[in-house]
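This report goes through selected features of one model, beginning with a single loop residue and moving on to the sheets, the cavity and the confidence values.

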Amino acid sequence: MPDGVAAFFDQLSEPARVLDVRPRPVPCVLLLSRSCDAALDSVQDLLAGAGVRVLRLNSDELTAAGLVVDTDGRAACVRGRWIVPTVTWTRHFAVRAIDDGGDPAHRMFLQDSWQAAAGELAAISPTGIGPYGPGPLSQLRLARRHEVAVPRTMLTTDPSRARDAFTCPRLVVKAVHRHFVEAAPGRLSGIFPTIVERAALPGRPCPGPPVLVQEYVEHEAEWRVYYVAGQVHGFEVGKESPADPWTAADRVEVRSAEPPAAVLSATTRLAAAMSLRYGAFDFLLRDGVPVFLEANPDGDWRWAEERAGVTAVTTAVTRMLTDLHREALAGSFDLLGFLARPTRTR
């Protein structure tokens, strides 16, 4: 075979130039939630309009996730798509929504495994925003430490003990943890706050699960305040019962307004103390003084926006994720190292 022809075919056995056109991991915002999270639907649309790629993984849609996590490269493959998470937000990623139709032991193992996997996905991101924060009693202690008023509170398995422990005429009984349980995938049962007359509590022990019992605070206004990466957006809320947002949404009145200076100050101090990038804060205003009730690190905001006819929180959340995404691309986040694949050249 002539030397020139042989040299031509030698390129097959010893290629001198290889153009690597395999798909590269795409840097994007990773959202971990569930399919009914309408707040993230709006955020996704706005992020797409800003040119920010998004991958969303819903806990009730995991049957074909095909997950692979490359811990060394800090990349992940989901549904055949390789990504490099720039920021991961875990909101309503409820593993009890997962149902494979198997026996209870297998289902519990599956749910626990996905809970752990969600944590690992957040860990490979330069920035993670999670539903984790101090518990309710820790929040109240932090508030007192930062000179923010709080209601007197008891955690107990026997609410009847509050009859003698408190002196106020009315009390609020509420869950220590979340307001919902998901006994069956996709079926939420609510356990909402209830106002009770202290004198109506039984005079005998009535043991049950741990609950919070708080003094009912007489107030002239109630505020739901959203803290988003340093911005504060307030809504004055009017309702008859603490459970109304879930059980009687049509009678809840919401007005978008600048929070009083004392509420604004308390929100920013508590967000810093709890190390929150995002949080929904609840306050009562008593004689002009804010009384802190609780902070929810994954609290919903669309219900307040829809009733007030605004989109300020959605816009702020989108801006927060966009800024974090771009900071990751431009800053210490070694994107080129993640995306680089060796190619053979001569």
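Leaving aside residues up to four places away in sequence, Ala229 touches Arg277 and Met320, a contact being heavy atoms within 4.5 Å. Ala229 belongs to the loop between β13 and β14; helices (H or I, at least four residues) and strands (E, at least two) are DSSP runs numbered from the N terminus. Between Ala229 and Tyr278 the C-alpha to C-alpha distance is 6.3 Å, although 49 residues separate them in sequence.

The model is predicted: local features need pLDDT of at least 70, side-chain atom pairs count only at pLDDT 80 or more, and totals for chains, interfaces and linings use all residues. Residues are numbered from 1 along each chain as its sequence is written, and side-chain values use heavy atoms, with hydrogens and water left out.

Most residues other than glycine have a negative phi. Ala229 is not a glycine, yet its phi is positive, at about 50 degrees. Ser275, also not a glycine, has a positive phi of about 55 degrees and lies in the loop between α7 and β16.

Two strands are taken to pair if DSSP finds at least two bridges between them.

A second topic is the open sheet of four strands, whose order is β7-β12-β8-β11, with antiparallel pairing. Its edge strands, β7 (153-156) and β11 (194-197), each pair on one side only. Here the twist averages 30 degrees from one strand to the next.

| Strand pair | Sense | Bridges | Residues standing opposite |
|---|---|---|---|
| β13 and β14 (231-238) | antiparallel | seven | Arg224 and Phe235 |
| β7 and β12 (211-215) | antiparallel | four | Thr153 and Gln214 |

How many cavities of 30 Å³ or more does a search of the whole structure find? The search finds one. A cavity is a set of points on a 1 Å grid over the protein atoms alone where a 1.4 Å probe fits but cannot get out; lining residues have an atom within 4 Å of a point. The largest cavity holds about 30 Å³ of space, volume being the space filled by probe spheres set on the points, which are joined across faces, edges and corners. Its lining consists of Pro136, Leu140, Lys174, Leu212, Gln214, Leu293 and Glu294. Two or more of the lining residues come from each of α4 (136-145), β12 and β17 (289-296). By class, four are nonpolar (Ala, Val, Leu, Ile, Met, Phe, Trp, Tyr, Cys and Pro), two charged (Asp, Glu, Lys and Arg) and one polar (the others, Gly among them).

Confidence is given as pLDDT, the predictor's value for each residue from 0 to 100. The chain has a mean pLDDT of 89, with 93% of its residues at 70 or more.

Conventions
Axes fitted to C-alpha atoms, helices over the stretch in contact; angles between N-to-C directions. 1 Å grid on protein atoms, 1.4 Å probe; cavity = no way out; pocket = protein on both sides within 12 Å on 5 of 7 lines; lining within 4 Å.
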